[in-house]
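Subject: Structure for you to look at

Hello,

Please find the structure below. My notes on what was found in it follow.

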Amino acid sequence: MNDVTPLAPIRQKSLRDHVHDTLRDAIISGKLASGMRLNERQLAADLEISTSPLKEALRQLESEGLVRTEPRRGTFVNFSPRQAEEMTLARAALESVIARQAARHGSEFYFGILREVIGKMRVAMEAADAGLLIGLNEAFHDAIHEASGCEYLRRLQNAQRLYDHAARVTVLAEEEVRRTSFFEHEAIMKAIVARDEDRAERLMREHILAAGQIHIGLVFKPAT
């Protein structure tokens, strides 16, 4: 199948969770295309695992709506532009409120972390280091979460972290997008440290929605 790579050594996750995360990333990034029939034996061989943890992971993905099983036909990828749009809207709603709360309740300690991460992001952007930028992107959002002090909203957001990561990997592969994304992050940081709650909320919402549209366009672009 060649759309997934063998699993890296496992540290803290169970094998099922490791398989689930790998397949979820592949689906959300478009490596496993919507409508594709998943050959379990071939997929297990590609991942270098037995079929037992694969079946468990597929059941979990089915409960999330990312695959569907049809009697006597098999298991198919079930990720659609509509689902991606819903995930983007959910993330935009959560992240924008968290940014607002960070502007309201954040301490100078966390504001310092945000400034430091933005400085590192600028260096990574200018060096065209997409891998480092993805990690710093996640560190930036994590710092906003910490600054906000929101426990309930952060628990809700944690359910989307795998989607967020896969979407970032896809979107930030584009150099122009990396530059645009950096300046959006910088503006968000400035609004938060200025305690401009309205601006922080608006800029975060706009940033997430724009990134979501790029992700949808890249994953579901018409075949040529």
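**The sheet**

Strand 1 and strand 3 are paired in the antiparallel sense, over 2 bridges. Two strands count as paired if DSSP finds at least two bridges between them. Strands (E, at least two residues) and helices (H or I, at least four) are DSSP runs, numbered from the N terminus. Within strand 3, Phe76 is the residue that Arg37 stands opposite.

This is a predicted model, in which local features need pLDDT of at least 70 and side-chain atom pairs count only at pLDDT 80 or more, while totals for chains, interfaces and linings use all residues. Residues are numbered from 1 along each chain as its sequence is written, and side-chain values use heavy atoms, with hydrogens and water left out.

The sheet is open and has 3 strands in the order 1-3-2, with antiparallel pairing. Its edge strands, strand 1 (37-38) and strand 2 (67-70), each pair on one side only.

**Two packed helices**

Helix 9 (residues 175-193) packs against helix 10 at an angle of about 165°, and the axes are 8 Å apart. Axes here are lines fitted to C-alpha atoms, for helices over the stretch in contact, and angles run from 0 to 180 degrees between N-to-C directions. Helix 9 is therefore roughly antiparallel to helix 10 (angles over 145 degrees count as such; under 35 is roughly parallel, 65 to 115 roughly perpendicular and the rest oblique).

On the helix 9 side, the contact (heavy atoms within 4.5 Å) is made by residues including Val177, Ser181, Glu184 and His185. Helix 10 contributes, among them, Arg199, Ala200, Leu203 and Met204.

**Aromatic pairs**

How many aromatic pairs does a search of the whole structure find? It finds 3. Rings of Phe, Tyr and Trp (its six-membered ring) pair if their centres lie within 6.5 Å; planes under 30 degrees apart count as stacked, over 60 as edge-to-face and the rest as tilted.

One of the pairs is Phe79 with Phe220, which is tilted, at 5.5 Å centre to centre and 45° between the planes. This pair links distant parts of the chain, 141 residues apart: Phe79 is in the loop between strand 3 (74-77) and helix 4 (81-105), and Phe220 is in the segment after helix 10 (197-219). Phe79 counts as buried because its relative accessibility is 1%, whereas Phe220, at 22%, counts as partly exposed. Buried means under 20% relative accessible area, exposed over 50%, and partly exposed in between (1.4 Å probe, protein chains only).

Phe109 and Tyr110 form an edge-to-face pair, 5.1 Å centre to centre with 75° between the planes. Phe109 is exposed at 57% relative accessibility, and Tyr110 is partly exposed at 24%.

Regards
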